[in-house]
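Please look over the sequence and the fold shown here before reading on. The report is meant to be read with both in view.

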Amino acid sequence: MVSTTREFSKETGSIVDLYKSVRARTMRIVSPLEIEDYVIQTADFMSPPRWHIGHTSWFFETLLQAHQPGYKVYSKDYLFYFNSYYEGFGARIERPKRGTKSRPTVRATVAYRNHVDEQMLRFLESLHNLPNAETVLALVRLGLEHEMQHQELLVYDIKHLLCDQFDAAIQPAPSSIVKVEGMAEIEGGLMWLGFGSSGGNPTAGGSSSNYDFAFDNEKPAHQVFLQDFAIDKALVSNGEFLEFMHDGGYQNFRWWFSEGWETVNREQWRAPLYWELHDGQWMIRDFSGLHKAETQADYPVSHVSFYEASAFAKWVGKRLPTEAEWERAACYDSRRSTVNAFPWGDHSPDIGEANLFENGLWSVAPIGAFPKGANADGCQQMIGDVWEWTTSDYVPYPGFKSEFDEYNDKWFVNQKVLRGGSFATPQLHIRSTYRNFFHAHERWMVSGFRCASDA
Ligand SMILES: [Fe+2]
C-alpha cells in the first residue's frame with residue numbers, strides 16, 4: 001500500500017534500482033556468447049538467447065503501449081517476433097520457429113532493448129503523475145519478475161545450446177560439510193498454504209523482501225489438512241539414482257506410470273538428461289565439463305522428469321511429496337511452532353544458505369554443503385540447487401483471482417508443481433510459496449526431487 005508521496009517516491013526509487021540491476025543481469029548472463037550463439041535453436045522447447053533479450057524488452061514495451069501516453073511502437077515486426085504466447089497481444093511466430101530467422105539481428109535486438117530501457121527509465125521518473133501509478137508499479141515489478149524467470153530459462157537454454165563450451169565465470173564448488181541422512185517426521189493437521197495472511201493467521205513471509213511480491217498463482221492463502229508425513233532430509237543424489245539405473249530401473253515397467261513407460265521407450269531414455277555413456281561408464285556433462293557420475297555421487301540428481309522422479313520413488317518404497325507437504329516442511333519451525341519465510345528463518349537467502357544464481361556455481365552443490373539453510377527438522381537444500389518435483393497438479397488455489405491475463409491462469413492443466421528454486425534462480429525471485437510448473441515429461445530445466453512417505 002502506498003499512502004504518502006514520500007513513501008511512493010521511495011518505492012519508485014527502489015523500483016528504478018531494481019529495474020537497472022535486473023536488466024543488467026540479463027546482459028551479463030549472455031555476455032560470454034559469440035554472435036552465432038544468439039540465434040540457434042537446438043530444440044522445440046528452447047529459445048535462442050537473442051529471442052530472450054528481445055522478448056523481455058517486448059514485455060516492457062507492451063506496458064509502455066498501455067500506460068505511456070503517446071508511446072510509439074518501435075517496430076511491428078518485433079511485436080510479432082518477440083511475443084511468446086499472449087493471444088491478447090496479437091499474432092506471433094510459432095515457438096519452434098524462433099530459431100529459423102536471422103532478423104532482427106542481435107545488434108538490432110540490443111538496440112531495441114536499449115530503446116525500451118531509455119523509455120522505461122523516463123516513464124518511471126514521471127510515474128507519480130499517473131492516476132493509476134500503483135497499478136503500473138505492480139506491472140513493472142511483474143515485468144522484472146518475468147525477466148528473472150527468463151534469466152533462469154536463459155541458463156537452461158544456454159546449457160542445451162553449449163553446455164561446457166560456454167565460458168561461464170564459475171565459482172569454486174563448495175564441499176559437503178555435514179552428512180545428511182534419513183527422513184524428518186512432520187506432524188500433520190490444519191495448515192495455511194500459499195502467500196499472504198488470511199483470517200488473521202499469517203503465513204510465510206516475515207520481514208523478507210522476497211515477499212514484497214508474489215504471483216497470483218500463490219494466492220490466496222487457504223487452509224488444508226495434512227496427515228502426519230515423513231520427508232527426506234536430503235535431495236535424491238546421483239549415487240542413489242545410479243543404483244536405480246544399475247538395478248534396471250529404466251528397463252522395468254513396474255516402477256513407471258503408463259505414460260512414463262511409453263516415454264522411456266519412445267525416447268529411449270536410459271539416464272537423466274546430460275548423462276552420457278562412455279565405454280560403459282556413465283558420465284555427466286555440465287557447464288564445467290564431463291565428469292564420471294561416480295565422482296558426483298553425493299550431488300543431487302538433476303534434469304529428471306516427473307516420470308523418472310516418480311519411478312525412483314516407487315522403486316525405493318516411497319512417494320513424492322505433495323506441494324502442501326513440501327511447503328509445510330520448508331516453512332514450519334517445529335521447535336518454536338512458528339511459520340517462517342524460509343527453512344532457516346525469516347530473512348532473504350544469502351550465498352551461505354542456499355545455492356541460487358548469485359552463488360555463481362552454474363551447477364548443483366554437494367549434499368550437505370548448506371547446513372545453515374536447513375529447517376528445524378534437518379531438511380537441507382530445500383531452497384536452491386534443484387526445483388523439486390511434487391505430486392501435485394498445477395491447479396488454481398481455492399479463491400484464485402487472475403491478476404494478469406495469460407500469465408499463469410491459462411496453464412492450469414496437465415502440469416505438475418515444482419518447488420524451491422534452483423542454482424539458476426536469482427535470490428530475490430524465490431519464495432517458499434513459489435509454484436513453478438512443468439509437464440511431466442520435461443527435463444531440460446534444473447529439476448530434481450526428494451521423497452516422502454506416510455507416517
Ligand atoms: Fe515470457
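The text below covers the metal site, a loop residue, a hairpin and the nonpolar cores.

This is a predicted model, in which local features need pLDDT of at least 70 and side-chain atom pairs count only at pLDDT 80 or more, while totals for chains, interfaces and linings use all residues. Residues are numbered from 1 along each chain as its sequence is written, and side-chain values use heavy atoms, with hydrogens and water left out.

The iron ion has as its protein donors the NE2 atoms of His55, His146 and His150, lying 2.2 Å from it; donors are N, O and S atoms within 2.8 Å of the metal (3.2 Å for Na, K and Ca), and since water is not among the atoms, sites may look incomplete. Along the chain these donors follow the spacing H-x90-H-x3-H. His55 belongs to helix H2 (residues 49-67) and His146 to helix H5 (residues 133-161), so this pair ties together parts that are 91 residues apart in sequence. Helices (H or I, at least four residues) and strands (E, at least two) are DSSP runs, numbered from the N terminus. His55 and His146 are both buried, a term for under 20% relative accessible area, with exposed meaning over 50% and partly exposed in between (1.4 Å probe, protein chains only).

Gln41 sits in the loop between helix H1 (5-30) and H2, and it counts as buried because its relative accessibility is 16%.

Glu276 has Met283 in E8 as its bridge partner. The two strands E7 and E8 form a hairpin with two residues between them, and Asp279 in the turn has a positive phi of about 50°.

The largest nonpolar core has 124 residues, of which Met120, Val140, Phe241, Trp275, Trp389 and Phe449 touch the most other members. Such a core is a set of buried Ala, Val, Leu, Ile, Met, Phe, Trp, Tyr and Cys residues joined through side-chain atoms within 4.5 Å. H5 gives this core its largest share, 13 residues. Apart from this core lies another, of five residues, including Phe400 and Phe412.

Notes
Pairing = 2+ DSSP bridges.
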